[in-house]
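Here are a few friendly notes to read alongside the model.

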Amino acid sequence: MNRLLPPYLLNGPALIIFVVMLVVPMVMTFILSFNSFDFYGGIKPDYGWHNYLEVVQDSYFHEIFLRTYGIAIAVTFLCALIGAPEAYILSRMSKTWRSLCLLAILGPLLISVIVRTLGWALLIGNNGVVNEILIGIGIIETPLKMMFTTGSVIVALVHVLVPFMVLSVWTTLQKLDPQVENAALSLGASHFTTLRRVVLPQVMPGVLAGSLIVFALTASAFATPSILGGRRLKVVATTAYDEYLNTLNWPLGASIAVILLIANVVVVMSYNRYVEKKYAAVFD
Amino acid sequence: MPPFFLKLNLVNQMSFLSLKNISKRFGDFVAVEDFNLEVDKGEFISLLGPSGCGKTTTLNMIAGFEEPTTGAIQIDGRDMTHVSPNARDIGIVFQSYALFPHMTVAENVGFGLEMRKVGKQERRERVMETLELVGLTEFAERVPKALSGGQRQRVALARAIVIRPQLLLLDEPLSALDAKIRESMQVELRNIQRTVGITTILVTHDQAEAMAMSDRIAVMNMGRMARLGEPFEIYEKPGDSFTSNFLGSTNIFDGEVQDELEGQVLVNCSDIGLHIPGSAAKGARVSVAIRPEKVGLVQAGKGIFNAKVRTRIFLGTCWAYQVESDLGSFNVTLQNTGHSVAGEGETVGVTWHDDAVRILAER
C-alpha cells in the first residue's frame, strides 16, 4: 500500500467538509461578484469589474468601509486596554478567585452572540433599564439615545471580544519567568517601572496576537452591528447582507464580501509579519 | 550621640548582616523556624540543605520578597525587616537567571544603574567594566536568547554586581549548568567575589559547591539551622547525623557506651568494641559515624575486624567499596595508587584511626 495513502484517508473527512462548506461557496461568491444584476432581469452570467468599480467609486461605500475599520480599530484598542491588565491581575490572583474570575470572563462565550447583544438592547434601549433608572432618579428627562449609535456597537463588541484578548495575553503571561519581576525590583525598579519596562514588553506579543483576533472578528462582525447599529448605521458585513436579501443584488453583495475578505487578509497578514519581525530576535 | 569614631567602632563590632530569630509560616506550614545568622562584611556564606529545608525562603526574606512572620533582619546596622525589595540595595542572581529577554546584554546589565539614575556616559563605562570582569565584552549587544547557559549566568552576575550592592545573594546560581562549566564557574565566581569584596550569601543543595566556595556554611534542615561553621570544621565535626550525611557520605552504626575514660569512650557496636574520642554517659545509645575515605582495608585478621567485599567500583581517582561485616554493610573509598586492591568476594581486614570516628548527637 502507498505510504502516503493513510494520511490522506485520515484527512479525507475534514478535507471534504472544508471543500464543500468553505471552498465551493467562496469560489461561487467570487465568480458571482463579477456577474451583473438587472432589477428586472435578475443576475446575468456576464463577467466584468463593474461591481468592484461601483464599490470603489461610490462614497456611500467609502463611508461604510471607513466606519467598519474605525469601529474595528476602536474595539481592538479598547480590548487591549481592558484585556491586558485584566489578564495580568488574573495571573496574580489566588487560585480560587482566579477560577471564579476566569469563569466570569469566559462565561459569556458560552452564550450566543445574538442573545448577548439583545441583552445590551434591553439595557440601553429608549425604554431600557439604564434610561428608566436615569429618568427615575431624575438625572435626565428624555431618554438618552444609545441604541443605533456607533458607541453602543463598540461597547457591545468589546464585551463580546474581550475574552479573546484576555486568553491571548494570559497565554503569554504563563510563559513569563516569575523571577523576572523580582529581578527588576531587586535592581531598584518601582512596581510601575517593572510593569512598564519588564512585564509589558514581554506580553506585547500576546497583546498583538489578541489584537489580531479581535480586529478580524470586529471587521467581519455581523450580529452585533445589525442589532445595535440598526438599518442606518451600516458596516460592511450588514451591507453585504442587505445587498443580498433586500436589494437582491447578489453580485454587488458578493463583491463587497470579497473586498472585505481581501482587506482583512491583507491587514492580518501584514500585521502578523510586523509582529513576527519585531519580536523574532527575542522570543522563540 | 556618641562621637563619630565611637559610633564607627560600634558599627565595626557588629556583623554586617544579621538575621535575628526569624521565622516564616505559610498558613500551618513552618518554612523557617527561629533562624539566627550573623554575617561579617566581605564574608561568603552558604545556606546548604535539601529542597524544602527553608533556605530559599530565608533568601527571599533577606531579599525582601517575603516578610518574616517574626524576627528581624539588619543590614549594616539598619533594620530592613519591612523595607521593600527595591529599596534594599541587594544584588541577586536567580536560579533561572531571570534576565530580561527583550533587552540586550548591555541593557540588562545597565538596568540597575538606570534605575539609580546613573548618567548615560558613566553607565556605559560601568557596564563595560563589569562585562569585562565576567569576560563578556564582545556579547554586549546580543540578546539573552543568543547566549549559552554559562554566558547567561555571567550576565546575571554582572547585572547583580554592577550596582555595587551592599549584599549579593546567589540562589542556586550554578544548578542549571553542566558539571564541567559548573566547576570552572565556582572558581570564577569565588574570584570575582574576592575581587569585588562583596558580602555574599549562596543558597545551594550541592555540598561540594558550598564547600568549594564558602568561608562558612550554614546547614539547614526542616527550617532550622543544623550546623554553622567553616567547611573543614563542619565536615570533620558534623555534630549530628543529618549534617554528617548531607556533607559527603557517612557510615553510621548504632552502639552502646560501655565505659568512659579521659576524653574517650568505649562503644560496643554489634559486639565490636570501638574507642572513640568524645564523651557520653555510660549505657547511652549513640550513633557512631565514620567517613568512607577514612577507612582502610588490610589483610584479613590484621584490622579491627574482618569484612567481606560485596561490590567494588573503579572511579578513576579512587575505588568505591561496599563491604559486609558484623557492623552491617558500609562504604569504603580508597585512593587509587596504581596498585591492585582486594577484589569482590574476598575477605579483608578493616582499619581506621580512632580519632576518625565520631559520636553523633541524637536528633
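1. Let me begin with one cysteine: B:Cys318 is buried, because its relative accessible area is 14%, below the 20% cut-off for that class. Please keep in mind that this is a predicted model.

2. A:Cys101, by contrast, has a relative accessible area of 23%, so the residue counts as partly exposed, the class between 20% and 50%.

3. How many disulfides are there over all chains? The count comes to 0. A:Cys101 is in none, and the nearest cysteine sulfur, which belongs to A:Cys79, lies 18 Å away.

4. Now to the interface. Contacts link 23 residues of chain B with 23 residues of chain A. Together the two chains bury about 2,000 Å², and carbon and sulfur atoms account for 62% of that area. On the chain B side, B:Asn86, B:His102 and B:Lys145 lose the most area to chain A, together 28% of what that side buries.

5. A:Arg197 forms a salt bridge with B:Glu114, and their closest N and O atoms are 2.7 Å apart.

6. Which elements of chain B each supply at least two residues to the side touching chain A? They are β6 (90-93) and α3 (105-115). The largest share, 4 residues, comes from α3(B). By type, the residues on this side of chain B divide into 14 nonpolar, 4 polar and 5 charged.

Conventions:
Residues are numbered from 1 along each chain as its sequence is written. Chains are lettered from A and ligands numbered from 1 in the order in which they are written. This is a predicted model: local features need pLDDT of at least 70, side-chain atom pairs count only at pLDDT 80 or more; totals for chains, interfaces and linings use all residues. Side-chain values use heavy atoms; hydrogens and water are left out. Contact means heavy atoms within 4.5 Å. Buried area is the accessible area (1.4 Å probe) that two parts lose on being put together, summed over both. A salt bridge is a side-chain nitrogen of Lys or Arg within 4 Å of a carboxyl oxygen of Asp or Glu. Ala, Val, Leu, Ile, Met, Phe, Trp, Tyr, Cys and Pro count as nonpolar, Asp, Glu, Lys and Arg as charged, and the others, Gly among them, as polar. A disulfide is a pair of cysteine sulfur atoms within 2.5 Å. Buried means under 20% relative accessible area, exposed over 50%, partly exposed in between (1.4 Å probe, protein chains only).
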